[in-house]
Amino acid sequence: MIREELTPKQIVQELDKYIVGQKEAKKAVAIALRNRWRRQRLPEELRDEVIPKNILMIGPTGVGKTEIARRLANLVGAPFIKVEATKFTEVGYVGRDVESIIRELAEASFKMVKAEKMEEVQEKARKLAEEKVLDYLVPRKIRRYGTLESFEEEESPAREKFRQMLREGQLDDKTVEIDVEEKPVSVIGGVIAPGMEDIENQLRDLFSSLTPSRRKRRKVTVKEALKILQQQEAEKLIDMDEVASEAIYRAENFGIVFIDEIDKVTGKSSGSSPDVSREGVQRDLLPIVEGTTVSTKYGPIKTDHILFIAAGAFHLSKPSDLIPELQGRFPIRVELQPLTKEDFVKILTQPKNALIKQYKALMETEGVQIEFTDDAIETIAEIAEEVNEKTENIGARRLHTILERIMEDYSFEAPDLKGQYIIIDEKVVRQKLENVIQSEDLTRYIL
């Protein structure tokens, strides 16, 4: 079930493992998350009155806005989707309509619940799959009573022997012919106009329910057969209606929607402007954020208690350019700070998924040991900050381009460097990035 018993401090500590700095943003999302846990403990009549306080994150690209929202959802096991506001158009225009956001959330929630339920029945499914594989390897004897047929109850010694070998993995590479359920191929596809994907999905579901599933004989290894049959048996053991109702409950009460690039739909609309649909997107988003009911293939979903986190750089516009009603629906404003040299040093070394750790692990697969000295890391951070100031500020993404440039030759020659221990120091870093540092104009193109 949803792991929401974390305290705000614990949530921030968990986020610190992956995201450097941005204390204010982490604090805001931690409080929002804890409030959902508190709401679940209120009396029912009061629970419906408490709506989530949606968050608007303001800050340049590459400072961790999306990462905060994604890690937050992973932390509590909540259904989560990230969408770009620029992908949606006003009703009446060709393109995606905003209700598809909630349908995507329902889909994410359904997959999450189904995966959990499948995990619960894996043990039982494994035993059933084992029996089916044994039926193919050592068919049971059939007893006939007139017109009646039944399988022998007693296990034959040969079957027991094969079961033992199967469990020990001795039969893994043997080939067996099994019946596999084949889902019917959809006749729908590529004929629906853009923006009508939901109708396409509904038609596809309708045709697949009308067309019976076929069985096909396949030759596979015993190991593969066990996997296929275990999956099939697990699907039969779970109640899809129960999964759908649980998915809707989770999406309604714990769902998190991250709307990126919200600043790109703040253009003022004018009669002849090609951007006429920008403000229309905001007006269409309004009922979803305020609270409405959206029909999905799993059932209707009320959006009143879904947490919306919007984010944008707001370089060319201000949050006050959003329509007033939408501004009012994002009461918590959090400004994320641009990253400094010190932040870059931490990003390179501290998080669990730090870039330097990633490169080291990648090179180790080729038998090459890579070591970055402290002065090399300092220099990389310094250059990243400098290039961000001189050209576009793309935040931590600048580190990807710089490190890729430093590692380019090593990555290319790695298979020939097997068993070597390579130290990357300040001298190597400056040598690799020499051209970039010297020419400001060149930096625009290379990084």
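Strands here are DSSP runs of E, at least two residues long, and helices are runs of H or I, at least four, numbered from the N terminus.

This is a predicted model, where local features need pLDDT of at least 70, side-chain atom pairs count only at pLDDT 80 or more, and totals for chains, interfaces and linings use all residues. Residues are numbered from 1 along each chain as its sequence is written, and side-chain values use heavy atoms, with hydrogens and water left out.

Back to the strands. β2 and β7 (residues 256-260) run parallel and are joined by five bridges; strands pair if DSSP finds at least two bridges between them. Both belong to an open sheet of five strands, ordered β2-β7-β10-β1-β11, with parallel pairing. β2 (80-84) and β11 (332-335) are the edge strands, each pairing on one side only. On average, neighbouring strands are turned by 20 degrees against each other, direction ignored.

Now the helices. Helix α4 (residues 65-76) packs on the sheet and touches β1 (55-58), β2, β7 and β10 (307-312), contact being heavy atoms within 4.5 Å. The direction of α4 makes about 170 degrees with that of β7. Angles run from 0 to 180 degrees between N-to-C directions, with axes fitted to C-alpha atoms, for helices over the stretch in contact. Helix α5 (residues 99-120) lies across β2, β7 and β10, at about 150 degrees to β2.

Last, Gln-22, in the loop between α1 (8-16) and α2 (23-40). Gln-22 counts as buried because its relative accessibility is 9%, the cut-off being under 20% with a 1.4 Å probe, protein chains only. Leaving out residues up to four places away in sequence, Gln-22 touches Val-63, Ile-68, Leu-336, Gln-337 and Leu-339.

Technical notes. Buried means under 20% relative accessible area, exposed over 50%, partly exposed in between (1.4 Å probe, protein chains only).
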